[in-house]
Each structure stands twice: as structure tokens, then as C-alpha cells.
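Keep the sequence and the 3D view side by side as you read.

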Amino acid sequence: MKETIIKQYTESLPVKKQALAFSKINEYCDLLKKRGLNDDKACAEIAVDIIKNGYNAKKVRAEVYDKVNYMCRCYMDRIARFRLDYDFIPDFEAVKTVLISLFEHSPILHSMFIDNHIAPYWKVCDYNIDDVLSIENTNDIEKSTYDFLVQTIDLKDNVQLKFKLCVTDNKCALCVLWNHMITDGGGIKQLLGDFFKAYNEYVADGKTPLDFRTGSRKLDEVYKDLPESTRKAAKTKFANKTSKEKKTLPFTETSENDHNILITKVIPSEIFMGAVKKAKEIGATANDVLSASYIDATYKMLGCDDESLTLSCAVDLRRYMKDPNRIGYTNQTTFMPCTVSKRGKTVFDTLKEVSECNRKSKEDEFLGLYGLPLLNYAFTQLVYIQAELIVKMFYNNANLSVSNVGRLDAKFCSLDGHEPTFAMVAGAAKKKNCAVATALSLNGNAIITMCIQGTKKDKEMLDTFFNYMEESMKEIANN
């Protein structure tokens, strides 16, 4: 089978190129086997696809958002987290086959970041599937997943995305760690969606996984589908609209005892969807509900009811693309400020003000595009060390922030017909006093997380904060 596949491809080439192509593909097959691929048919088809399309890069360009997230290493650990639980155990060999193909089609996933202070880049590294995927049989699935998800990935590691399958009885938790420099929440949803699709097709009929995103990772992709006049105007928006909020949640002082802590809160469907249903009656969204609940909980924690408060809300810039599937796995996220004048008499009053503020922001045709030209100029035209120093002078790391990944389609995330029973996503472990709540919903339940570098007392404080958020949503639902 392997020889037939290679022969079919090479014979389609000019005679002078056949021998060299045959040799290159066979060498690549040997490399794939060394990396842990055991399926000869998949090995040959992947090798042909990689050589044919030139995906086997030795070096990958560091894009603007790669550099921005690298700059943010002084505020966070750069690592994002994802977890999906299933009531079954997947085929381990199939998972390995799909992951190897994913990594081959996206060389940046097995690269180390080289900061030469002038023009940083990604150096593609050799790897083995054991560097990417670990499998653990455990009697305590919660401890195993937690211990994995609070880890970091070093910039000098040969892989920048890692999977772990924690298995117990006939259940498993699929956990993912990745370097946020490579991709954001929107990008990881695309990546995992491609993984699920490829796995399902492979176990169903043996189809070799080849359909992964290999498009551009450039920031300029945001502008391509805009009308010409809008595009030109957008590229002049050098000044950014950022959160100037100085209030913070009551964290403990930074100390040597700080370590990565992951806090998760599940808001039951009857509360979250009840709040969303009530919100829709006044034209508010699920994101408005999350933001209003966060703001109301902050007022409860700080007791500053008569003061204004600004929350920073994530905006996915893929909204400006007619077909977001054309780009590669990358970051395309920015933030918009949401300000309320004071705490409402009820949380429903706060929701109304949040909704109105966000509505006005969304009416702005340049929503999320402010400040991007400055970032783009600094990180593409200046020596990197100069750009980092200059951008840091203007960069504002929001103390209060929400990032809503949105609704997770259970069928979209199914493996061999098995839908996830639980899901959570968390951003990088932030240094105090930055409090970013990351949320998604699955089967109507809202799962909110926060990852920080703190202590047990910080966790206890955030547990209280999340309980306040739940109370606020319950109040909206019962309004």
C-alpha cells in the first residue's frame, strides 16, 4: 500500500523529478515512523501531502500576536488550557495518528521560540508523539487533570501544544495545554474541531487525516474582507480604547508562595439559560449576562457601589472575515471596554447599562481594530527589543476582564459518536492583580474559570467571587 501510494504520486511528476521525490517521500515516511506513526497507509499519504505542498518548514515566521503574547510573559505564564470529558475511552492509536498529522501540517506546534532581540522566529524541532500525548490510568481523574492543567510549557520545549488523556473506568478527560503565543480561544476551537473531524473519519472508514488549517497567521488577514474605504480608515486607528480601571479584586500580596491555581465554577443551565432568556427580553446577550454578573460580583467584593467600573471584554477579530476557515491557527483577539457608572439598584439595572454600553461599542465599525496599526508597525518595522520597550510604555494589562469563548456544540466536539459531558477553558495563569474570567457554555451550563498565580487564600476569595456571579445570574433569571 505504501509503495503504491508513493508511486502514484511520483509518476504524476515530470520524469526528471520522480527519483528525487520518491527518495524524499520515503525519507519522510521513515521520519514519521520514528515520531510514532504506525499506520503505513497514513504514513505514505501524510508524507506525500507534506512534500507535495511544502509544509515541512524548518523555520516559521513570528507574527505580530506571537510577539505581543511573548511580550506579556511578564504578566502571565503564556499557557492556555482546555478540558473535555467523555463517557468512553477513545482509540489511542487513532488519537496518535491524528495528532502526528496535525503537527506535521502545523510545524509551529513543534517549534521553539528564538528571541534574538532583533527578529524573533520559531525554530522547527524534531519530536516524538510521546512528547505530545501522555496517557494516564488514574483513580482520581480530578487530581490528574488539575495537576496537568496547572503546568506550563517552556519556550525552549520542542512542542508548544500538549495533550493528556486521563482515563478511569470507562471515562476519560481530554486535556490540552498550549502556548498562547500560537493561538487564542477561537483558534483552539478550530484546531480541536479539525482534530475531532479527523479522528471520527479515521476510526469510521480509515480516512487519513489531512484536512488541517495551513493558511496565513498574519494580523493583516483581519483587514482583507473589509470594504476598501473602511480598510484604509481602520489602518489609521493607532490610538487604542483600553480599560483604565485601577480597581482590583482583593488578592493577597505577591509572594514567593504564589503558584498556578485553577478555579472553576459551573453555573447550572436553569440559572444561566434562565438569565439569558430574561436578558433577551431587553435585547441583551449571553455575553452581557456574563459581564453584568462579573461587574456586580466585583461591586459585592469591593463595596464601591457609587463608583464607576470598567470591565475589559474580549473581541474575536474573525468577525471581520467572510471565511475564518481560510486562516491558520493563530491569535486574532482584542478587547473592548465596558463601563458602568455605578452599581445598579438591582443587577438587572446593571445588565441594562452593560447591554447599552456594549451595543454602542458594537455599532462602531472599527470595534476591536483600534491600536492594531501601532502594534503592527512596532512589531514588523522595528527591531524587536525596541518594539517591546515602546509597546510596554503604552500597553495596559486590564485588572478586570472577561473572555467568552461562547457556546460549545456538543456534536461538534463528539468523538466516535460520544458527546462531551463536561468542558472548560482557561487562559494563561495571570500575575496578581489581573483577574480574567474565561467562560464557555455546554448543554446550557456556563463553565467559568480563572487561572492565577496565587495562594490558597486567593483561591478562597475567587470561590466567593464566582459564587457572587452565580447569585447575580440567579437574580437576573428571577427578575
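The structure holds 41 salt bridges. A salt bridge here is a side-chain nitrogen of Lys or Arg within 4 Å of a carboxyl oxygen of Asp or Glu. Side chains of opposite charge can pair when their charged atoms come close. This is a predicted model: local features need pLDDT of at least 70, side-chain atom pairs count only at pLDDT 80 or more, and totals for chains, interfaces and linings use all residues. Residues are numbered from 1 along each chain as its sequence is written, and side-chain values use heavy atoms, with hydrogens and water left out.

Take R318 and D184. They form a salt bridge, with the closest N and O atoms 2.8 Å apart. This pair links distant parts of the chain. R318 sits in the loop between β9 (309-316) and β10 (333-340), while D184 sits in the loop between β7 (171-179) and α8 (185-205). The two are 134 residues apart. Helices (H or I, at least four residues) and strands (E, at least two) are DSSP runs, numbered from the N terminus. Are R318 and D184 buried or exposed? Both are buried. Buried means under 20% relative accessible area, exposed over 50%, and partly exposed in between (1.4 Å probe, protein chains only).

Now compare K411 and E419. Their salt bridge has its closest N and O atoms 3.4 Å apart. K411 is exposed, because its relative accessible area is 63%. E419 has 34% relative accessibility, so it counts as partly exposed. Elsewhere, salt bridges that share partners join D296, K300, D305, R343 and E471 into one network.

R61 is partly exposed at 48% relative accessibility. E63 is buried at 8%. R61 also has a bridge partner in β4, namely Y121.

Strands of a sheet pair through backbone hydrogen bonds, either parallel or antiparallel. Here, three strands form an open sheet in the order β1-β4-β3, with antiparallel pairing. The edge strands, β1 (59-61) and β3 (111-114), each pair on one side only. Neighbouring strands of this sheet are turned by 30° against each other on average, direction ignored. Two strands pair if DSSP finds at least two bridges between them. How many bridges join β1 and β4? There are three, between β1 and β4 (residues 121-124).

Next, look at two helices. Helix α3 (residues 40-53) packs against helix α5 (residues 92-105) at an angle of about 10°, with their axes 11 Å apart. Axes are lines fitted to C-alpha atoms, for helices over the stretch in contact, and angles run from 0 to 180 degrees between N-to-C directions. That angle makes α3 roughly parallel to α5 (under 35 degrees; over 145 is roughly antiparallel, 65 to 115 roughly perpendicular, the rest oblique). In α3, A42, I46, D49 and I50 meet T97, S101, E104 and H105 of α5. Contact means heavy atoms within 4.5 Å.

Finish with two single residues. T10 belongs to helix α1 (residues 2-10). T10 is buried, because its relative accessible area is 5%. Beyond its neighbours within four places in sequence, T10 touches Q18, A21, F22 and I25. N358 lies in helix α12 (residues 347-362). With a relative accessible area of 1%, N358 is buried. Leaving aside neighbours within four places in sequence, N358 is in contact with D288, S291, M336 and C338.
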